[in-house]
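Hello,

I am passing a structure on to you today, with some notes on what turned up in it. Please have a look at it first and then read on.

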Amino acid sequence: SSSSSSSSSFLLLLLLLLLRFFSSSHHSCDPPWQQADGPAILGSAPRARRLNAPPPPPVPRVLTLDDDLDEPQHEALAVVLAARARLESDPENVAHAVAVEEALAAFAASKAPADRVQSAAMRAGLVQTWADSLPTRPLLLDGHKGLVCALAHHKETLVSGGGDSMLQVHDLLGEFKPQMLVHHGRCVNALAFVEPADHPDADVLCVSGGADGHLALADLGGLELHRELAHKDAIKAVGVLPQRQAVVSVSRDRRLALWDLTLNLLADTTLPGPATALAVHSDSQLIAVACEARLVLIDGNQPALPIVTDTELETPISALVFESAGCLLVGDANGSLISLDAALQPLSEPEALHARRITSLAVDAGVVASSSTDGSVALLDRATLQPLRHLITPSACYAVDIVDGHVAVGMANKCVAIF
């Protein structure tokens, strides 16, 4: 009986070992979507995309002669880019690196604008933009009781406007304790700053446009100076023509109007459709207005505000900004960015920056910023329009501004994010 018991135990142990062997060889301990091999299983979680997958190649921007560079300066910039290309093909060649630095020094010596020199240095890889040092998480400024859909700044002062009809004035050098101003009966859609030329010692003025059609001028101390029922429908955007000391407003009522600094009407013109975006180039006095997918350029120097040229794009336009007199950046409802020349001809293919509509664009010396309702802000090199950073915010973004090396974002969660 002892021998029979030993044989049974041995057979039982052998059976357990065989079952364990077959189980481990045919079934992984890991969930099906984490297995290294084998087909995907219906109903299981998808395979994770490789985190180190290379990004898609950027769409190259066509280089053209910018209006703010003369021919010798443009030739000097071309030398910088050529030297950089040689260095990229042979990174270990010290002579190529020296050639890049010498070419950049020659470009600076040509008295090119400082922002162009900075952009060229960034493109040459000699300096990094301040965008690289921005924090991942922003500082959130609350106080509004509705979404924040308009931002503007003057030096270190930031003004925000929102769906609560209020303006907040933030001193970015202080403790971020805003001063509250109330101007409009409905949402504040647009903000801009204007400096009165005939009163050099006067405070800068803030112009605001609301969904109630009113235009208002106030100083930063909270004193409302002028108010006018400017449009029959919501004001979508405002801008400033410094040489004419005039304020520009566009509205859903298909009208562009020009006002002096006491809000007396100087001129107006009919637009081809309800306005959706506005950009003003302060030096050339060019005015770009988007009416859904239609885009028009207007000469702000002429009293009659004639349309210089126009074009029709495939997608409705939601944001505009002048990168220079010869380059207009256009953000559309699909989240793409395209650059156009002074004749409104494309300088590049549309580049997808966001998953949803671009709501606002801003330009700094070397950086372009775009905000979107997808809750992100894209930062791009101003010279190449290649992506630098992608900032993620807690909410949909409706306005963006660049203030002294910081990015300010107006959001749907009633806050202003400061990166």
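**What was found**

The secondary structure of the protein chain amounts to four helices and 28 strands; helices (H or I, at least four residues) and strands (E, at least two) are DSSP runs, numbered from the N terminus. This is a predicted model, in which local features need pLDDT of at least 70, side-chain atom pairs count only at pLDDT 80 or more, and totals for chains, interfaces and linings use all residues. Residues are numbered from 1 along each chain as its sequence is written, and side-chain values use heavy atoms, with hydrogens and water left out.

Of the 419 residues in the protein chain, 47% are buried (under 20% relative accessible area, with exposed meaning over 50%, using a 1.4 Å probe and protein chains only).

Helix α2 covers residues 71-89. Its buried residues are Gln-73, Ala-76, Leu-77, Val-80, Ala-83 and Leu-87. Seen down the helix axis, they fall within an arc of 120°, so they line one face of α2 (the arc is that of the directions from the axis to the C-beta atoms). Exposed Glu-71 and Ser-89 sit on the face turned away from that buried side.

There is also an open sheet of four strands, in the order β6-β7-β8-β9, with antiparallel pairing (two strands pair if DSSP finds at least two bridges between them). Its edge strands, β6 (188-194) and β9 (224-229), each pair on one side only. Strand β8 (residues 214-219) is joined to β9 by five bridges, and Leu-215 stands opposite Glu-228 in β9.

Best wishes

Methods:
Expected span 1.5 Å × (residues − 1).
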